[in-house]
2 protein chains.
Amino acid sequence: MDTKKLGRQTVCFSDPPAIVGFGSAVGNKERQGPLGQCFDFASTDDTFSQISWEKAETEMQKQALSFALNRAGITADQLDYVFAGDLLNQCIATSYSLRAQNAPFFGLYGACSTMAEGLSLGAMLVDGGFAAYVAALTSSHFCSAERQYRAPLEYGGQKSPTAQWTTTGAGAVILSRRGKGPFVTHVTTGKVVDKGICDVSNMGAAMAPAAYSTLQAHFEETGRGPEFYDLIITGDLGSLGKEIVMDFFRQDHIDLTGHYEDCGVLLFDSQKQDVHAGASGCGCSAVVLAGHLLRQMGQGTYRNLLFCGTGALHSPTSTMQGESIPGICHAVAIAAEKGENV
Amino acid sequence: MDTKKLGRQTVCFSDPPAIVGFGSAVGNKERQGPLGQCFDFASTDDTFSQISWEKAETEMQKQALSFALNRAGITADQLDYVFAGDLLNQCIATSYSLRAQNAPFFGLYGACSTMAEGLSLGAMLVDGGFAAYVAALTSSHFCSAERQYRAPLEYGGQKSPTAQWTTTGAGAVILSRRGKGPFVTHVTTGKVVDKGICDVSNMGAAMAPAAYSTLQAHFEETGRGPEFYDLIITGDLGSLGKEIVMDFFRQDHIDLTGHYEDCGVLLFDSQKQDVHAGASGCGCSAVVLAGHLLRQMGQGTYRNLLFCGTGALHSPTSTMQGESIPGICHAVAIAAEKGENV
């Protein structure tokens, strides 16, 4: 086992890659939410001037990447690799946004954990000496997701109280070998965890065990406790999934209160915006990271952040076949200073 | 730019990762084809004792991985990372096969280029010091693919002469830091290439420009010509796509004759087995590599192989919306001896 590995799931970077750019583009409901002012572009029109929801999602990806590249001061031609994926069948929002870029591309499918998965792999390629610049990119769109996973919008389907609202948004982050930070210091890669939840209107409960498993591994392998982090943030467990994670840790006599939040809880005002258990979708954690958290790190609000993307790895077909919902969670430790992880 | 990079798309490994295990499981038509004797398991029944085609595909993945682990002399518990994906919506064949493994998992979507994508990323993580053992795993199943992409089998749809036959098969390859070879010496990562082909019954034509683009980059960045390789093999272009690639190079005054083949041409006897332009699917290049090519390398038939996975990154939705088919190709150079790449 190499010294770069702290355990089976966790890597500690000897020369932590820097986050040199980030960008976000969101829809109207996200604009109206509590984080509405944080995004690079917040549309009043969810079509993004396109003729289909899928093309709108592609357009958001292009915008988010463009903002991230601008902030990094580079062009897409300087990217060594782009890691990207989305929730649509065959990840078409991604293929068509990457068609417009002249960049080597690795397609991911990590469901809503895609931003964390892309950051994990991107950081390893930068630290491993394979890349000077890597982009991690992902998106989701409420309207394309509803049509594909549930029912067309015109149907006017009702949601159960445990259900979440798919984020209309795209986020991009650029990693580089050099930069003034923040820095990706550790990644803890998740395993598939399935505790038998079959209710697709309760994705928070399906993904929470995976978040707990990856956080446990991270704490054990790094020797850190929750108090090390100013903020541990899961991807899109929503209010219910967040409670379940806190409950699991309570049973281990670990109290996450004051150190833990969920992107799906932060993005919308669940009372005023009628989103039930909160936000979900690849775009959720991506825009909260690229819109809100990285800005806050820049302003010194957080010095140590543990960003934990969570994904539900089922499909409508597997659900119709009676299968339960496998979950995954990838954790990425982000520090304001390079030295803080040593 | 790091010295490990020969160019923007190509990495050359300083200490090439070894292929220490490979495994394959295929269906009945593949068993009856010209390579039928090469596979670890060839079923006479495409259900693989499961109650749905999707579960059958998951079962094949488990079998292929199991054979590869046996050959490597390790258990799944020793894998640092598994890179896997498939063609089904939300990659469910993969999620459910990984649910049975206790291994850190990165989900990929590279369509039929998935094996080459997994090998590329796996080799970088091993060479970069992040892993002792990595698995690359993928699958496709004719029946699950027909239902999802075209029409249920019961419909009895006809295929056009340019169409290909989705492979029923799963392949797995294990990479390690140590081993007697063969070795992954270079990877050339593809960009999304789209020349405007819209005919989903002519995927070979849609993907051929991506194969040409990646091969061009590989030759330019490594300084190698086609004659360096005993065999350059594309993933699943089929007879028509293969001809198009040869044509493109002919226009550059480069003759690939005698050095170039396509997995989709090798897997079936296109005349006797009525598969039109040949085989396709993630499983195609995966089982030809893990069943046929790596065995042949072990027997000394090939000393230098360029394995070029090809993928079509569209979906039925993008097709219905009138979009053309973006393609991608990732090339992986495999050598019998470590030193041959230096």
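This is a predicted model: local features need pLDDT of at least 70, side-chain atom pairs count only at pLDDT 80 or more; totals for chains, interfaces and linings use all residues.
Trainee: What distance separates the sulfur of Cys329(B) from the closest cysteine sulfur?

Mentor: That closest sulfur belongs to Cys308(B) and is 4.8 Å away, which is again too far for a bond. Over all chains, the count of disulfides comes to zero.

Trainee: What makes Cys308(A) count as buried or exposed?

Mentor: The cut-off for buried is under 20% relative accessible area, and Cys308(A) has 0% relative accessibility, so this residue counts as buried. Cys329(B) also has a value of 0% and therefore counts as buried.

Trainee: Which residues touch the most other members of the largest nonpolar core?

Mentor: Within that core of 105 residues, they are Leu289(A) and Leu289(B). Setting aside neighbours within four places in sequence, Leu289(B) is in contact with Met115(B), Leu119(B), Val173(B), Leu294(B), Leu305(B), Phe307(B) and Ile334(B), where contact means heavy atoms within 4.5 Å. There is also a second, separate core of 64 residues, which includes Ala68(A), Leu79(A), Phe48(B) and Tyr149(B).

Trainee: How much space lies in the largest pocket, and which residues are closest to its centre?

Mentor: The space in the largest pocket is about 750 Å³, and of the 39 residues lining this pocket, Glu146(A), Tyr149(A), Arg150(A), Lys159(A) and Gln164(A) are the closest to its centre. Helix H5 (142-149) of chain A is one of the elements that supply at least two lining residues, and H5(A) gives the most, with four residues.

Trainee: What classes of residue make up the lining of the largest pocket?

Mentor: The lining of the largest pocket divides into 18 nonpolar, 16 polar and five charged residues.

Trainee: What is the volume of the second largest pocket, and which residues are closest to its centre?

Mentor: The second largest pocket has a volume of about 640 Å³, and of its 36 lining residues the closest to the centre are Glu146(B), Tyr149(B), Arg150(B), Lys159(B) and Val200(B). Helices H5 (142-149), H6 (203-222) and H10 (316-320) of chain B are the elements that each give two or more residues to this lining, with H5(B) giving the most, four residues. By class, the lining of the second largest pocket comprises 17 nonpolar, 15 polar and four charged residues.

Notes
Residues are numbered from 1 along each chain as its sequence is written. Chains are lettered from A and ligands numbered from 1 in the order in which they are written. Side-chain values use heavy atoms; hydrogens and water are left out. On a 1 Å grid over the protein atoms alone, a cavity is a set of points where a 1.4 Å probe fits but cannot get out, and a pocket is an open set with protein on both sides within 12 Å along at least five of seven lines; lining residues have an atom within 4 Å of a point. Grid points are joined across faces, edges and corners, and a volume is the space filled by probe spheres set on the points. Ala, Val, Leu, Ile, Met, Phe, Trp, Tyr, Cys and Pro count as nonpolar, Asp, Glu, Lys and Arg as charged, and the others, Gly among them, as polar. A disulfide is a pair of cysteine sulfur atoms within 2.5 Å. Buried means under 20% relative accessible area, exposed over 50%, partly exposed in between (1.4 Å probe, protein chains only). A nonpolar core is a set of buried Ala, Val, Leu, Ile, Met, Phe, Trp, Tyr and Cys residues joined through side-chain atoms within 4.5 Å.
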